[in-house]
Amino acid sequence: MSEDDSTVSLETLRQVFNEVLDNLEDRVGDTVELDEDFFWSIPREALYDPYATPDPEQLTLGQLTSSWGSLKRMHANGDHMNGYTLVWIAEILRALGQRAR
């Protein structure tokens with residue numbers, strides 16, 4: 001992996017993200033229905049260790065509607081968006097991205 005690929009420019013990420021959202025909005029409109037709800041969640045330690053197969057007991061269930069609900073509540077309440085907010089956003093984006101293929 002080159003240094004250029006392992007260093008993320010937040011400004012470039014923001015531009016790419018906005019472009020992707022604009023494209024999605026042009027194609028489907030202002031809202032997207034979540035067709036699925038529950039998904040498998042793997043703890044961070046197992047998620048980024050390609051040399052070990054996750055123990056089935058490490059798997060938990062996540063829920064897209066829960067992630068989306070948390071994001072909406074934080075936004076509506078004007079709450080501080082903490083780092084874990086990115087995980088909830090990623091869960092929603094993964095579902096949208098896999099659906100939009």
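These legends accompany close-up views of a predicted model. Residues are numbered from 1 along each chain as its sequence is written, and side-chain values use heavy atoms, without hydrogens or water. Local features need pLDDT of at least 70 and side-chain atom pairs pLDDT 80 or more, while totals for chains, interfaces and linings use all residues.

**View 1. Helix 4 and its cover.** Helix 4 covers residues 64–77; helices (H or I, at least four residues) and strands (E, at least two) are DSSP runs, numbered from the N terminus. Buried here are Leu-64, Ser-67, Gly-69, Ser-70, Leu-71 and Met-74; buried means under 20% relative accessible area, exposed over 50% and partly exposed in between (1.4 Å probe, protein chains only). Their cover includes strand 1 (38–41), strand 2 and helix 5 (85–100).

**View 2. The largest nonpolar core.** Here you can find Leu-24, Leu-64, Leu-71, Met-74, Trp-88, Ile-92, Ala-95 and Leu-96, eight residues in all. Helix 5 gives the most to this core, with four residues. Such a core is a set of buried Ala, Val, Leu, Ile, Met, Phe, Trp, Tyr and Cys residues joined through side-chain atoms within 4.5 Å.

**View 3. Around Trp-88.** Leaving aside neighbours within four places in sequence, Trp-88 is in contact with Ser-67, Ser-70, Leu-71 and Met-74 (contact means heavy atoms within 4.5 Å).

Terms used
Expected span 1.5 Å × (residues − 1).
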